[in-house]
Amino acid sequence: MMMQILIALAAGAASALMFVSIISGAMVSLVLFYLAPLPLMVAALGWGTASALVGGLLGSVAIGTILGLPYMAAFGLTIALPAFWLGHLALLAKPVETAPSAQPVLEWYPTGRILAWIAGFAALTTIVALLSLGTDATAITEMLKRALTRMFGMRDAGSSDAASTDQLVTVLAAIAPSAATMVAMLTLAVNLWLAGRITRTSGRLARPWPQLDLTELPPMTLAALALVLALAFTGGLTALISQIIVAALVMAYALSGFAVLHMLTQGAQLRGLWLSSSYAAVLIFGWPLLMMTALGLVDAAFGLRRRKLARPGRSPSQ
């Protein structure tokens, strides 16, 4: 019990310090900020979700005491709550088979549903952040434009091409909510994966490692994407919120697409080259992420992985 308390204190303090480091403005602080959920997720997966809950609460209270309620709410919503809940879901299991002389076989919470929760958290945090700027789409867009104008004004103070800068600011303000959502989702997914690898390496992971290439979003996710995609063209605040949800689901299907790629290339020649080239292309150019999204959508609609697993002699582990 004492060890869990110490772990909770250490995880909460580490996450809080990494979160507030962004105030310094240093480049390394950006990396620390994005990794802020990691200590709490490690505590959740290695020492139980109670450790993450206590650590998150202590970190929130400490930040609120020093920096005020807005920072406390931001830490609690974007760092502590997702770390605790995703850790809880990753350790959630139910028995599916019981034998008198053997331990029960457990069915763990599907990784595809965890991915859907990550998309939900990413969309929620972005929506809340934007609503803090205004209560309608016009006000939010104007606030984003002002922030971007100040940033570009400092960088291009001697530039005479004000019209070009204004056009760039308008484009960036339009795509900023979607981009922020994708970054938030990728950050949570990477942190959860890193936390799993760390606890697995240390021998503290309380569950078997999931087969990530079988990650599949819930069937209704495709219908939800179609609905919010239609709402994204309605205009106003509804359209802005819908665009954020679309961005989260697009990133979810992109990650699912990478899982499909891992599955379909099993046993293929030069598999390592194919996978490394795909990841490198996405990191360098960005737009190949749309191809991964398309692959995830095709698999969701036509079951590419199920067809491969249904072939004679195939098993999920092959």
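1. In this predicted model, Asn191 is buried, since its relative accessible area is 1% and the cut-off for a buried residue is under 20%. The residue is part of helix 8, which covers residues 162-202. Leaving aside residues up to four places away in sequence, Asn191 touches Tyr34, Leu35, Pro37, Leu38 and Met41.

2. Leu53 and Phe84 are separated by 31 residues in sequence, yet their C-alpha atoms are 5.7 Å apart in space.

3. Leu6, which sits in helix 1 (residues 2-20), is likewise partly exposed, and its relative accessible area is 45%. For the pair Leu6 and Leu225, a sequence separation of 219 residues goes with a C-alpha to C-alpha distance of 43 Å.

4. Which residues have the most contacts inside the largest nonpolar core? They are Ile114, Ile118 and Met185, in a core that has 62 residues. Helix 10, spanning residues 236-264, gives the most to this core, with 13 residues. Not counting residues up to four places away in sequence, Met185 touches Leu115, Ile118, Ala119 and Ala122, and also Ala248, Met251, Ala252 and Leu255. As background, nonpolar side chains tend to be buried together in soluble globular proteins.

5. The backbone at Leu270 deserves a look in the viewer, as phi there is near 60°, a positive value in a residue other than glycine. Leu270 lies in the loop that runs between helix 10 and helix 11 (271-285), and at 60% relative accessibility this leucine counts as exposed.

6. Turning to the chain as a whole, the secondary structure comes to 13 helices and 2 strands. The radius of gyration is 22 Å, close to the 20 Å that the globule rule gives for 318 residues, so the chain is as compact as a globular protein of that length. Along the principal axes, the C-alpha trace spans about 75 × 50 × 35 Å.

7. Of the 318 residues, 37% count as buried, and the accessible surface of the chain comes to about 17300 Å², with 71% of that area belonging to carbon and sulfur atoms. Among contacts with a separation of 6 or more, 71% are accounted for by residues 24 or more positions apart.

Key. Residues are numbered from 1 along each chain as its sequence is written. This is a predicted model: local features need pLDDT of at least 70, side-chain atom pairs count only at pLDDT 80 or more; totals for chains, interfaces and linings use all residues. Side-chain values use heavy atoms; hydrogens and water are left out. Helices (H or I, at least four residues) and strands (E, at least two) are DSSP runs, numbered from the N terminus. The radius of gyration is taken over C-alpha atoms; the globule rule is 2.2 Å times the number of residues to the power 0.38. Buried means under 20% relative accessible area, exposed over 50%, partly exposed in between (1.4 Å probe, protein chains only). Contact means heavy atoms within 4.5 Å. Accessible areas come from the Shrake-Rupley method with a 1.4 Å probe; for residues, only the protein chains shown count as cover. A nonpolar core is a set of buried Ala, Val, Leu, Ile, Met, Phe, Trp, Tyr and Cys residues joined through side-chain atoms within 4.5 Å.
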